[in-house]
Amino acid sequence: MSITASTSAMRLSTATVTQYLASKTTTGVPSGRRIVVLLRAEPVWHGPEEVAWSDGRARVTVAPSVLGVHEHVLRHLSSVQGPEILVVLTDREEAELGPDLLAKVHRQRVSSVNVWDVVREAFGATETDRRLFTENWAAEALADAQTGKDWPQLAGGMLSRNTALSALAKRRLGIGRTGRDGDDESVLVDGDGLDVHTLLRWSSARGGVERFLALRSPEREGLARFLGEADQCGDTGKILFSLVTAEHGSDAVAFGLVCAALWVHAAEDTEREDYQARGRAERWLGEEPPARDRELDALMAKFGSACEEFVAAEIAQGQSRGDEFDLPAAAARRMTGIVLDRAAVLARQFGAEGAARRSPLLVAGLEARFEAVGVALASGDPEPIASAVAALADHRLATSRESRVRIERVRMAQRLVRWPARGPGAGADTVAASVAAHVAENGWVDLALEHIEAGGDTDPVLRSAYASIVRDVRARRRVIDEDFARGLAAWTADGRGPGTMVTVESFLSTVVKPMVADTKRAMLLIVIDGMSAAIAAELGEELREHWAEYDPLPDATDPPRRRAMAAALPTTTAVSRTSLFAGRLMTGGQADEKRLFAAQPFWGPRKAAVFHKDDLRGKDAEPFGPELLAALDDDGTHVAVVLNVIDDRLAKEQKIGDGSWHLAEIAGLTQLLQYAAQLGRVVIITSDHGHVVDRDGRRVDAPPGTTADRYRPAGGRPPGDTEIALAGARVVAPEHRNSIVALWDRDSRYTSKKAGYHGGVSPAEVAVPILAFLPFGATPPKGWRELGTQQPEWWQLSLRDGRGGASPGPTAAGTSRPAPSAPAKTAARQTRFQTEIAQTHDSLFEISLAAAGTGALLEPVVAAPHEALVDELLRSETFEAQVQLLARRPDRDRVRQAVLALLDAGGTLPTTALAQRVKWPATRSVESFAAVLRQLLNRDGEQVLEALPDGRTLRLDVGLLRLQFGLRG
């Protein structure tokens, strides 16, 4: 026996009446006969006067009284006009109508519509969930919502309460994947289910809340109860629909973010201001909130957390797409922007500004964390800075494009605070050492400075901290620059050769010639005019993601590293670049460069060609001119290309507000590298000189007729505080008798203001970086050694150190140690390149220096503390216990060599380079050896040795190594 719906009068919809007529009315009625159907219902009708159904049309009317029923029945039966069927909706009982009247109507009774029969049939089910019969509102709502649409078909079985009400809720709210469906309804929110995020997105959709409020009261209340149940949206649904009912539904997500700040992220001792703000927020739920007191607090906290999770997911979607015109991503960005702006307004309205500053998602919380970083930076203590930067990086808005730029600037300041204190010369006891030190370390300082000075910050506290750091670092760099200039002037005047130091005029013979003689690969030499060590550091990090970097200096006995060379003087294009392509000191132009580079005797059977700016201009969608393209495609031609982007932009002040240089900003560089990768060319990227950027520049008086930015003829007034006189063979100024006065101070110039200058003798202008690359897996030329990270130790911010950042340990770069005396050496030995190595890699070696007579050069006495550390590691009981855990005993000599190699490389090394260092057989996989190393060194779940996401690089955390194995060395 089936259970029927309640017999109490209900309001019927057009759909219900139509479906009843189609399923019940005309059975057994002869065609052409006029009939009256009495339906038990609330005598209210908002539908059309006539309704259409499968067999024709019917007129619908209402009769709230017995007399009304009589009039409608008699009038219809006596008339010949209009539809043959009349449907009368009445709530009168049959006993009131009497047998005479009932005898005149269809089936001689007042019929009851079992709406559940209609609904069950519409879903294609054979049974109805008994729990549905308690939802009197749902039957009519389901029938009404079916108009013009099909419900999901069940193909038999039970129509469950969850299925029916979920389908109703999605249709009423406008949730689905069907696009526009029906005459006056459309899908507002894309989705299959009724999860929390879908409902929160619906509340933010235009017209969504209004659509719900337009429903009849019983249906609104029933849907709100259903969606607030535990197996639907639970507590979040309760708060959401309380807000909707109170007509605050469109602000629900923004409201939730403020709730999270007030209830989830509140301080342990909640302040009075927060309690008052909570009270104002609770009033937004209307006169009858879903709970009271502690229970309401729990609901508000859950709702706030759900809204934070939802907005965080939308932020991630908006930022995950590379195409800024991607519609879903753009919609997510727009929605989150509106919500965050509205949340800021609500925080002010509720008096929750203090709570908003604690939020990990609101803009106020982000700005508060930037301010906290400013306070920490001002303290100069690395530990508070580390904590503040970690908290900033954890904020959900930290991944936005604008925030990433600001946070990168914060990290640059953090690095500068970590930059170790060094002596005045910072390795300037020889010019060679100073040039190498600039590329290895001080160029990174310049990079960080440039990022900070180019952007600053809108937060006054952080801006003040930046200013203080910049002043301090600039003062230290000024001492280094002046010391370098004096050493350069002494060496230039002395007339001695560069020894093993690479210079622009010796670059071809020292670096290129041995490479060309050893490998069959053609070379692509890219000379980026004006590229400083700072720019090379930034470009190098990006290049290393796609190329293997090498130390190209053959026969070097020091650890592999990124090399540098000294520019010719003055540091101008006409002098230094021409000298580079000519292989000798001279001044000239593009024609000289093309002729002399091609005429070098070591090219052998191959050709060589230089291409300048005009050769790069392609036509008809070609990236370059035809001659350059032909040369690149020819394995028999070594190609050199000059890129003038940096010089051009500095001269035109096109880079003054941006401290960053990426591959895409060097026009032509990416395309050249693509050609090189396709053809397997060796790639060397260098420059002819660097440059200084004008941030706080001042003009220095110069003799009339001075046209150069940073040097002038010797004579006239003596050099001032920011100038130095230079003379000697490396000063290529025959018109001035090889004698000039140049500026060493980076903030000085002789000419009109531009974005940057060159021609002077600061390390940024003189030290020229050399970057050498091969495709991953390529066989390098003889003597080339693959490089690990080239970041200085103080630059590297690991997960613990970059989301925090401990200061360098006792063996970090720049640690001051007493220098024991040593006998003086001859001048010839003083110029040995080991001096340069010692001065620029004192984070890897303990150096003892002794004065050499009256000269400025020092001789190193080298000791290797890493060896003592590794020996202590291998002797430790903890290490022995780790060995015992392995199925096969490792080769201890190889383990020792591997750990030493990682330490010498600053902790990070590609696996291919590691294999080279430990002489791993080419026939065996080095990944298996790396896996053994990780098993040995990683204990208690700590990543002492980790594989980086690129899958080909290992990183050793020296601090963790000491801690985990109890090492003191």
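**Burial and overall make-up**

I started with burial: 54% of the 969 residues in the chain count as buried. Buried means under 20% relative accessible area, exposed over 50%, and partly exposed in between, with a 1.4 Å probe and protein chains only. The model is predicted, so I note the limits: local features need pLDDT of at least 70, side-chain atom pairs count only at pLDDT 80 or more, and totals for chains, interfaces and linings use all residues. Residues are numbered from 1 along each chain as its sequence is written, and side-chain values use heavy atoms, with hydrogens and water left out.

I then looked up the secondary structure. The chain has 37 helices and 30 strands. These are DSSP runs numbered from the N terminus: helices are H or I with at least four residues, strands are E with at least two.

Next came contacts, meaning heavy atoms within 4.5 Å. I took the contacts between residues at least 6 apart in sequence; 73% of them join residues at least 24 apart.

**Helix 16 against helix 20**

I checked how helix 16 (residues 363-379) packs on helix 20 (residues 460-494). The angle is about 30° and the axes are 7 Å apart. Axes are lines fitted to C-alpha atoms, for helices over the stretch in contact, and angles run from 0 to 180 degrees between N-to-C directions. Helix 16 and helix 20 are therefore roughly parallel to each other. The cut-offs: under 35 degrees is roughly parallel, over 145 roughly antiparallel, 65 to 115 roughly perpendicular, and the rest oblique.

The crossing of helix 16 and helix 20 is left-handed. That term applies if the near helix is turned anticlockwise from the far one by less than a right angle; clockwise makes a crossing right-handed.

I listed the residues in this contact. Helix 16 supplies Phe-370, Glu-371, Val-373, Gly-374, Val-375, Leu-377 and Ala-378. Helix 20 supplies Val-461, Leu-462, Ala-465, Tyr-466 and Ile-469. By class, the contact has 10 nonpolar, 1 polar and 1 charged residues. Ala, Val, Leu, Ile, Met, Phe, Trp, Tyr, Cys and Pro count as nonpolar, Asp, Glu, Lys and Arg as charged, and the others, Gly among them, as polar.

**Cysteines**

I searched for disulfides, defined as pairs of cysteine sulfur atoms within 2.5 Å. The structure holds 0. I looked at Cys-259: its closest cysteine sulfur is in Cys-307, 7.4 Å away, too far for a bond. Cys-307 is likewise in no disulfide, and its nearest cysteine sulfur is that of Cys-259. Cys-259 counts as buried, at 1% relative accessibility. Cys-307 counts as buried too, at 0%.

I went to helix 23 (residues 573-582). Of its 10 residues, 9 are buried, so helix 23 is largely enclosed by the rest of the structure. The buried ones are Thr-573, Val-575, Ser-576, Arg-577, Thr-578, Ser-579, Leu-580, Phe-581 and Ala-582.

I checked the backbone on both sides. Pro-570 is in the loop between strand 13 (563-566) and helix 23. A cis peptide bond joins Leu-569 to Pro-570, with omega about -5°. Just after helix 23, Gly-583 takes a positive phi of about 75°.

I also looked up Asn-644, in the loop between strand 15 (637-643) and helix 26 (645-651). Not counting residues up to four places away in sequence, Asn-644 touches Asp-529, Arg-577 and Lys-613. Arg-577 is one of the buried residues of helix 23. Asn-644 is itself buried, with a relative accessible area of 15%.

I noted Gln-108, which is not a glycine and has a positive phi near 55°. Gln-108 lies in the loop between helix 3 (94-102) and strand 5 (110-111). Asp-293, also not a glycine, has a positive phi of about 55°. Asp-293 is found in helix 13 (residues 293-320). It is exposed, at 65% relative accessible area.

Gly-337 lies in helix 14 (residues 327-350). It is partly exposed, at 27%. I looked at its C-alpha distance to Val-311, 26 residues apart along the chain: 9.9 Å.

Ala-915 is in helix 35 (residues 911-917). It is buried, at 14%. Leaving aside neighbours within four places in sequence, Ala-915 is in contact with Trp-920 and Val-926. The C-alpha atoms of Ala-915 and Ala-930, 15 residues apart along the chain, are separated by 9.2 Å.
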